[in-house]
Amino acid sequence: MKKTVITIIGKDNYGIIAAASAICAENKVNIMDITQSVLGDMFVMVMLADISAATCPFGEFSDKMSAFGKERGLDVRVMHEDIFNAMHRI
Amino acid sequence: MINLSDIMETVTMISHENLDIRTITMGISLLDCADSDIDKSCEKIYNKITRLAGNLVKVGEDIETEYGIPIINKRISVTPVSMLAAVSGGDPVKYARALQRAADKTGVNFIGGYSALVHKGFSAGDKELIESIPRALAETENVCSSVNIGSTKSGINMDAVRLLGEVVKKTAELTADRDCIGAAKLVVFCNAPEDNPFMAGAFHGVGEADCVINVGVSGPGVVASALKKCKGDLGEVAEVIKRTAFKITRMGQLVGTEASKRLGVPFGIVDLSLAPTPAVGDSVAHILEEMGLEVCGTHGTTAALALLNDAVKKGGVMASSSVGGLSGAFIPVSEDAGMIAAARSGDLKIEKLEAMTAVCSVGLDMIAIPGETPAEVISAIIADEAAIGMVNSKTTAVRVIPAIGKKAGEELNFGGLLGEGPIMPVNLNSSPKKFIDRGGRIPAPMQSLKN
């Protein structure tokens, strides 16, 4: 299983999770866990997703997510889970 | 799932605090390329480098995309070219051209190893190579050069020091039309490490494997931000730096092992250095100022830097399977926004920088000096730095840029990562010429007798 962490940060608005989930579904990226919170008017969401069955290469999926972010004025990043494990787990 | 605040911490480090991998450097041995015919030798070098490093830039970019972590530079270091010149004879600049062609083909931004190791004396090829450095650096764009002129074990080769003073000046003269950039690609070392991934001093030591991947991490901005939140005493400051250095280094270790796996090349070392860039928020000077100094260069700077350098190593060493290279804090003046400001305001002087080099990882780095500085004064600056390195069993280096036709207070601008900066005054009232002209060798200190 190849897991990736998707983070979305920006101004709170309707339909952010719906749109991000739709992109995942279109590309057969399976969402395994999702956490979100709103601090003031800032929206912070973290999604853990399995990309082993994805229908497009990693780079393309990442580009699609950041294009969506740009469109909605959000900072969207798709990063391999290992980087967080390396930095925060001994 | 990983904790939300941990995830946000990593994302903020990358998006707001300039966290990045400074360089993935592939070290390639050229010993099997030596040929008595210089043209054949150059051809073999080109073929070997392009074969092994053909994928380096692509793999670096793939890792960048997948892990979401910027990898600023992809570089190559090679066996000191003087060894090849010793076998082939001929004009060593031909090797520089071959290295440049290999750099163009592979797309790397620097290739280091136009080097000679002469800490105890010159052997075949060494003098020819050193004398050709000014031409080699003027003719090429991405080739970097270094010379090791001293070590704790062998003392300081003062004949080489005298020669290098002239070479540094000539290198600046031949590139005077390009802000003397040639001299920014030449480092004079004492105790040069053989696995350093950072330029301009990287070369692939003869004790190394045929091909390895070394990684240099960065992150002065991350350390400065972490310290902003720390209101405790200096013991706590050291703890915060250690924790931050640990996280940064873990990332370097991950990227290094991943790159070595994908390239099918053994992983060498992580260099734990804090390498600044001219970008705002990526400065080592600002870390020192965050500790409580009004401006970097004031009294107390050496103590603050000693604390920083030590804490970075302590934090990083547990995070990596193999630590090497220079590993410490860099203080290159023109590459660090805080140092540039301190040098402009006159708070940071070359004498203070010299003291700082006794407690950090390199030496007098990226310092523009007046163009009228005589060669023997440059040699004397090199000798002073080498003495600090030799006696303290550490690496020191000199990368000064004589600003041809310019005076103290004027500016040089190299652009990119090499940055810009004011020309710093040098003591020209009295001359070290007689001392430098004596030549010979400063014997190795007592510290060398460890057996």
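**View 1. Surroundings and backbone of A:K28 in the predicted model.** A:K28 counts as partly exposed, because 14 C-beta neighbours fall inside 10 Å, a count between the 12 or fewer of an exposed residue and the 20 or more of a buried one. In this predicted model, A:K28 is placed in the loop between helix 1 (16-26) and strand 2 (30-39) of chain A. The phi angle of A:K28 is near 55°, which is a positive value in a residue other than glycine.

View 2. In chain A, 4 strands build an open sheet with antiparallel pairing, and their order is 2-3-1-4. Strand 2 and strand 4 (75-80) of chain A are the edge strands, each of them pairing on one side only. On average, and with direction ignored, neighbouring strands of this sheet are turned by 15° against each other. Strand 2 of chain A and strand 3 (residues 42-50) of chain A run antiparallel and are joined by 9 bridges, and A:N30 stands opposite A:D50, a residue of strand 3 of chain A. Helix 1 of chain A lies across strand 1 (3-11), strand 2 and strand 3 of chain A, and the helix runs at about 20° to strand 3 of chain A.

**View 3. The two domains of chain B and the side of domain 1 that touches domain 2.** The domain assignment divides chain B into domain 1 (27-190) and domain 2 (216-436), whose C-alpha centres lie 22 Å apart. Across the boundary, 36 residues of domain 1 of chain B are in contact with 36 residues of domain 2 of chain B. On the domain 1 side, at least two residues each are supplied by helix 3 (56-67), strand 4 (143-151), strand 5 (155-157), helix 7 (158-174) and strand 6 (186-190) of chain B, with the largest share, 10 residues, coming from helix 7 of chain B. By residue class, this side of domain 1 of chain B divides into 23 nonpolar, 8 polar and 5 charged residues.

View 4. B:C180 is placed in the loop between helix 7 and strand 6 of chain B, and its phi is positive, at about 60°, although B:C180 is not a glycine. B:A200 lies in the loop between strand 6 and strand 7 (211-217) of chain B, and the peptide bond that joins B:M199 and B:A200 is cis, with omega about 10°.

How values were computed:
Residues are numbered from 1 along each chain as its sequence is written. Chains are lettered from A and ligands numbered from 1 in the order in which they are written. This is a predicted model: local features need pLDDT of at least 70, side-chain atom pairs count only at pLDDT 80 or more; totals for chains, interfaces and linings use all residues. Domain bounds come from an automatic or database domain assignment. Two residues are in contact if their C-beta atoms, placed from the backbone, lie within 7 Å. Ala, Val, Leu, Ile, Met, Phe, Trp, Tyr, Cys and Pro count as nonpolar, Asp, Glu, Lys and Arg as charged, and the others, Gly among them, as polar. Two strands pair if DSSP finds at least two bridges between them. Axes are lines fitted to C-alpha atoms, for helices over the stretch in contact, and angles run from 0 to 180 degrees between N-to-C directions.
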